[in-house]
Amino acid sequence: MSKEVVLEIDGKTVKAKEGMTLLQAAKSAGIEIPTLCYHEEMEPYGACRICVVEIERNGRKRIVASCCYPVEDGLKVKTRSPKIDRIRKTILELAAITAGEDVGGKVASLAYEYNADLSRFTSMKLTTPMKCILCGLCVRRCIEAQWDNAIDFVGRGVNRRIALLPEKAYACKTCSYCYGICPTGRITSVGPNPPFPLVTDILTGRE
Amino acid sequence: MKEGCKIPRINSPEDLEKLREEILAKRDPNRPCVAICVSAGCSSLGSLQVVKSFREELEKQGLADKVDIKATGCMGFCELGPRLAIYPKEIFYFKVKPEDVPEIVSKTILKGEVIERLLYKDPVTGETIRKLEDIPFYKYQYRLLLENNAKIDPKNIEDYIAIGGYKALAKALFQMTPEQVIEEIKKSNLRGRGGGGFPAGRKWETTRNAPGEPKYVIVNCDEGDPGAFMDRSLMEGNPHLVLEGLIIGAYAIGASQGYIYVREEYPLAVENITVAIQQAREYGLLGKNIMGSNFSFDVEVHKGAGAFVSGESSALMTAIEGKVGEPRPKYIHTAVKGIRDKPSCLNNVETWANVPHIILNGAEWFLKIGTPTSPGTKIFSLVGKVNNTGLVEVPMGITLRDIIFKIGGGIRGGKKFKAVQTGGPSGGVIPEQYLDTPVDFDSLTKLGSMMGSGGMIVMDEDTCMVDVARFFINFLLEESCGKCIPCREGLRVLNKVLTDICEGRGSEEHLRIIEDVTETMKEASLCALGTTAVNPVLTTLNYFRDEYEAHIKERRCPAKVCKALTAYYINPDKCQACLICLRNCPSGAIKGERDIVHVIDQEKCIKCGICYAVCPFGAVEKISPPVPPPVRYGIKVKRKK
């Protein structure tokens, strides 16, 4: 039996089980925290950082990602504040660098909610938008689907992107497990033409 | 070790003492010995050739079995390498070339004469100094960890045992319980030398008490900061010291398996630690029933593929698991859930190297060195625009001024000090007004910089602070793993913004972007690479805001570094029409003839700076903003009287 933990989220006393994350605890109390790279069926990944909240412990305040941070007794959590809203707004604006302004899905609705100007950094022409925020949901979903990574991340840092591994491309044509999971609305259909470039095409500069 | 030698397995502390006595008895303290540094710095300056020449020369003079040659680790003063020490007289020579060897053998080794020209020469007074402790570079240091680098051959375990090696391990295993070892380390307040400054004893205790078996201990030698080589020198020069610390730690924590993560770019470190592990196993100091005790522990070397981010503890552990070295959320510490979700205690090379000293001499002794909150010494790699560059080990609490001006000998070429970057690329710059700050973990963090693993880059007045920030951001941009949005995209934006400012396209909006993006990166990045990446930008902006404003508002680079904001101009009052600059200009941008003042065609100039460097009269000037006064071609030269 896991222990019960009592904490305070947005002034509300919330009971949670030990081992739960702040995000899960908030959700159980009906408090919404925005997420992009999180999916309740998968392990938390902690990459998009949109779910940041402010925690206070022993009088010290910190900002943490609620999807990964475990609940603690007596913790005070704030899910909204001018600072958190500012950070979320900036994260959405930064995410648009790879995603572009023309996105759908969660990113678009959150941008509206947080008043984010998705063209703020895209106007600097830093990349060719690829309608992807590299949240890794499809990649992780693909591992789950037993295809053993038909798609995966390639490249490091700003060169990071998602690519299809040619020897497993056949799998991608028939599976639709990642369909609809994408927060930018890029993967709206899979099938004969998966929406991912082949890694070989990236390496040879054909893509 | 000589072939055919029987390896004595050590089965008790008495065995170790007996072996030590035997080794010492075999050695004649009066026998001449030449210790030559063959570590990375000196060997790239040719010290391996010097070793070879010594071998040949001694052979030739029939002294091969009368004089020892020892290839040792780094002695610190890398700039003046290859460096060698001649024992027992303790004569130290610098910048030794293979040609000097016959003279050294016939004069110094045979007759005991000192060769003046190879001694250290003070760059300021011009005097030669014979004794090491009189050389300012060494005088103010406290070489607790580095001292023995010059005395031992890192590939020979007997050298290490001879100077008291593995005594601390014997003490820990046979006179202390694991709890007592942890207590001692906790009492000593040893803090993580990798930069974070987290108390090592507390980390050990957390791992010991965390549920889960097996437990792991790890040495982090993924040093990747530009211009830093502290861990490398310890690993190359004294691998057994690190190994001994690790074994003691493993005993205290209850770990049965250790990993030493060394980057592949350090081939000598990999080689030396691999040899050290092999020898320790043969001597019964590693493996089953260490030194005849009940404690068993073994170590594996893991070579890193060179990603800077893999120095971050969770990324390093992911890499050891065989996956891509990317950090993961660490709200549950790696000390509790590390490699394969098992408790894993990771410490930096230097932290482990301190352990044998603390166990042997006691926490009380350790607390007397340095400051109460940061006891002990710290190794820094002092580089940049100082007269003496190299590895320095100082007691904590020494001021930056002492390091830069007393040990470092001040700024090169009589220039003015501007700032010092501590803590590597994610550290910050510290300006002149804080030079009297004592160096310890807390005071550097307070200034917006950090201790980091110990890089120290000194900058003079000719350094543009915006350009410095851009350089470090660019480095981090290349090294970010790209997993989280704030770090990956934040660095991309900062790099673009700083480049714009350096190239004269800056605006007030750029400063606002810096403010927003740095806040988000600092608060919301996944790992410390992202949260600290803002330090170079924030500290330069904080201490040198006027430089940013000069770039943005006046299109001027005060240090005259940013190419787009500077121009070269020939001062007509100084030009002697010597044609030198004109002949050297690679783009044919200089017009001139005999007796006619030369003029640079700004349209054609590529700003390579060759004219500036070659002009014997100092007539070529750098100007910023890049608008030279109108010059008419055809002015007659004003000859100097």
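Into which domains is chain B divided?

## Domains of chain B

In this predicted model, chain B is divided into domain 1 (16-139), domain 2 (178-367), domain 3 (377-463), domain 4 (466-553) and domain 5 (566-623). For domain 3 of chain B and domain 4 of chain B, the centres taken over C-alpha atoms lie 22 Å apart.

Where these two domains meet, eleven residues of domain 3 of chain B are in contact with 14 residues of domain 4 of chain B. On the side of domain 3 of chain B that touches domain 4 of chain B, strand β14 (residues 428-431) gives the most, with three residues, and the residues of that side divide into five nonpolar, six polar and no charged.

## The surroundings of P226(B)

P226(B) is found in the loop of chain B between β7 (216-221) and α10 (230-237). Because P226(B) has 14 C-beta neighbours inside 10 Å, it counts as partly exposed.

If its neighbours within four places in sequence are left aside, P226(B) is in contact with P425(B) and F475(B). Between P226(B) and N571(B) there are 38 Å in space, C-alpha to C-alpha, and the two are 345 residues apart in sequence.

## Domains of chain A

Chain A is assigned domain 1 (4-80), domain 2 (83-122) and domain 3 (137-203). The C-alpha centres of domain 1 of chain A and domain 2 of chain A are separated by 22 Å.

Eight residues of domain 1 of chain A are in contact with eight residues of domain 2 of chain A, and on the side of domain 1 of chain A that touches domain 2 of chain A, the residues divide into five nonpolar, no polar and three charged.

Technical notes
Residues numbered from 1 in each chain as written. Chains lettered and ligands numbered in written order. Predicted model: local features only at pLDDT ≥ 70, side-chain atom pairs only at ≥ 80, totals over all residues. Domains from an automatic or database assignment. Contact = placed C-beta atoms within 7 Å. Nonpolar A, V, L, I, M, F, W, Y, C, P; charged D, E, K, R; others polar. Helix = DSSP H or I, 4+ residues; strand = E, 2+ residues; numbered from the N terminus. Buried ≥ 20, exposed ≤ 12 C-beta atoms within 10 Å, placed from the backbone.
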